[in-house]
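Here are my notes for a first look at this structure. Please keep the model open while you read.

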Amino acid sequence: MNPKFYLTTPIYYVNSAPHLGTTYCTLAADAIRRYHGMLGQETLLVTGSDEHSQNVERAARKKGLTPFDFSTELSNEFKQQWDKFKVPYRFIRTSDPKHHETVQWLFDRCLKNGYIYPSTYSGQYCVNDELYVNDAEPGDPCPDCGRPTETVSEENYFFKLSAFQDRLLALYENDPGFVQPDYRRNEIVSFVKGGLRDLSISRNNLTWGIPVPVEGNHVFYVWFDALISYLTAVREEKLWPADLHLIGKDILRFHAIYWPAFLMAADLPLPKKIFAHGWILKDSIKMSKSRGNVVRPEPLRQIIGADPLRYFLLREIPFGQDGNFSYDVLITRINADLANGLGNLASRTLTMIRQYRGGTVPASAGSAEIAETARNTITGYREAFENFEFNRALEQVMALITVVDKAIVQYQPWALAKKEHAEPQAQLDEILYSAAEVLRIVTALLAPVMPEACAQLWAQLGMTSNLETLRIDELAWGQLAAGQAIGEVAPVFPRLDAAKIIDQIQVIDDQEADRINLLLGKTEPVAAPWAPPPGVAPLSPEITIDDFVKIDLRVGQVLTAEPVKGADKLLHLTVDLAEEKPRTIVAGIAKAYSPEQLIGRKVVIVANLAPRKLRGIESRGMIVAASLEDTPPVLAAFLEDVPVGARLK
Ligand code: MSP
């Protein structure tokens, strides 16, 4: 086993505060990290903030902040939330210069190896998912999120993704554990088999991003930035490759296809495993800020507690699949498994040891049957946990508790205690030892998932060792020492009263909602709202592509131009539009252009505008020019030559 274990969560976009979906990933990652810590490995969990997205830039501008300042506020929000959940992490921000340097370094390596070339991307782009949507037409929705795509046409740098199809397929085949769960790997395999297109890895004319070390105004495409944060985080101490990238299923393609290809292109080792979990749904749809169905983690943490929440998330939803969140299910699960199950076993067992054995663990080998079940539970738990089947792992722990509960009912320790002969007393020792030993074992097994509650139970059992450094792989029946004095007994999992709890959560949730809305700039803006510079007209109401295509814009060439008598602003033009005969157009540009400047010039004409008469002359079309309020019009023109009659699209 590797002495170190390095895992990551995705780095979260900062146009949203943490919600239960993002919290789910972080808490699961922390449980995995803790488990590996209990295998004796030195662990590192990297998380962070993905800041260079266009959405972040837009949200920042709306709030009147620079994208960097806005990102700082939001990344602090993530850090604070993980601190409150007592998740130890290393945090990486994509705006960190150290990260910029790593991205540029990786780009250079790919470039030198011949995997990068300049070309033009013309097509659709989804800003929400930061995804190039190939094969889509203008106006088509994004296949992933359904939001409208934007049309992009720019000179970009491309990554030769197509060159990696065979190597990627070989990777998935030779190392089936690389992408998990299996059904997700199969999706990736068939996607890659369908063919890979080269990927644009730069965006032109955006300022919020990592500059591409080439001429011009290119910044890196956000995924050729964010993914590399996994490398930046550990580059100095040479901890790469990561043992595990834990992600949500929506970002699997980026991780399972782009990321290994980037690394292969740069001759760098690949991460060992990528696991995609499912979504937390609210009212059966994915939780998201824009849908307004977000469950905030902080009220749950304050009222229910971090550990019960961690337990619920991992116990209730098979890892990999989607799961609906509801308060009822949450409360029922916690009451059944933690208050009645584990909590009850602890208080019963420890109270009986206090009452019948003066507070010290009796000497006994315990019940052979319970010992056998406990051994199987340890093996089964470890197997399930290492397979990411947390719900099954936890289910087995609860089943062991049920076995002990039943045994207590059978042995009737309260009746045995009244009998003074050696045999009932030995039986009493046996059941008390068995119950206490099961309590110790389940506390150890549950520690990665409920670190604080388990540490309390550990102390109540009178254990003085540090639970976090206990070796789960050395855990065995019979290690509880006879004669050990148990500690102070106190309830760890109070029963939750649904009606009360939901009201309390609601109060905190309302406060949180206000605070976060303010942070995201959704209510009273802290700074002055953005306003267009003087003279810049406000944007017209949105139109659809269908509206736009109704306007027929053509390249025309001015053949003649002369002033219109009695109208000092107007010029009378004839323009060739590659039609049967030239058109007459009256244009209000006489103050900006003399007739001589126009003759022979190529211009843009709105060619299907209904004719109208100006000073008695019928004008058939309109010439396109740009101006601020009160500045002279400037005719639209082309830098390259363009044929007369060409349509602008
Ligand atoms: N910034 C990218 C990730 C870059 S990693 C190099 C991103 N950020 S995100 O904030 O939109 O999402 C981060 C993670 O949260 C993703 O793994 C996503 O699947 C997860 N979740 C977001 N909403 C979720 C749920 N409702 N449920 C579970 N996880 C979800 O994508």
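1. Start with the crossing of two helices. H1 passes H13 in a left-handed crossing. A crossing is called left-handed if the near helix is turned anticlockwise from the far one by less than a right angle, and right-handed if clockwise. Helices (H or I, at least four residues) and strands (E, at least two) are DSSP runs, numbered from the N terminus.

2. A word on the source. This is a predicted model, where local features need pLDDT of at least 70, side-chain atom pairs count only at pLDDT 80 or more, and totals for chains, interfaces and linings use all residues. Residues are numbered from 1 along each chain as its sequence is written, and side-chain values use heavy atoms, with hydrogens and water left out.

3. Now the geometry of that pair. Helix H1 covers residues 20–37 and helix H13 covers residues 368–386; they pack at an angle of about 130 degrees, and their axes are 11 Å apart. H1 is therefore oblique to H13. Axes are lines fitted to C-alpha atoms, for helices over the stretch in contact, and angles run from 0 to 180 degrees between N-to-C directions. Angles under 35 degrees count as roughly parallel, over 145 as roughly antiparallel, 65 to 115 as roughly perpendicular and the rest as oblique.

4. Which residues in H1 and H13 meet? On the H1 side they are Ala31, Ile32 and Tyr35; on the H13 side, Tyr381, Arg382, Phe385 and Glu386. Contact means heavy atoms within 4.5 Å. The contact of H1 with H13 divides into five nonpolar, no polar and two charged residues. Here Ala, Val, Leu, Ile, Met, Phe, Trp, Tyr, Cys and Pro count as nonpolar, Asp, Glu, Lys and Arg as charged, and the others, Gly among them, as polar.

5. H1 also packs against helix H11 (residues 306–316), at an angle of about 95 degrees and with the axes 10 Å apart. The two are therefore roughly perpendicular to each other. Residues of H1 in this contact include Leu20, Tyr24 and Ala31, and those of H11 include Leu309 and Arg310. By class, the contact of H1 with H11 has eight nonpolar, no polar and three charged residues.

6. H13 has a further partner in helix H14 (residues 390–411). Their angle is about 170 degrees and their axes are 7 Å apart. That makes H13 roughly antiparallel to H14. The contact of H13 with H14 has 13 nonpolar, five polar and one charged residues.

7. Turn to the ligand. Of the 23 residues around it, Ile11, Asp50, Gly248, Asp250 and Ile280 come nearest; a residue is near if one of its heavy atoms lies within 4 Å. A side-chain N or O atom of Asp50 is 2.7 Å from a nitrogen atom of the ligand. A backbone N or O atom of Ile11 lies 2.8 Å from a ligand nitrogen atom.

8. Check two peptide bonds. The bond from Gln180 to Pro181 is cis, with omega near -5 degrees. Pro181 lies in the loop between strand E7 (179–180) and helix H6 (182–193). Trp240 and Pro241 are also joined by a cis peptide bond, with omega about 10 degrees.

9. Last, a backbone angle. Asp135 is not a glycine, yet its phi is positive, near 65 degrees. Asp135 sits in the loop between strand E5 (131–133) and strand E6 (150–159).

Conventions:
A polar contact is a pair of N or O atoms within 3.5 Å; within protein, one must be able to donate a hydrogen and the other to accept it, and residues adjacent in sequence count only if both atoms are side-chain atoms.
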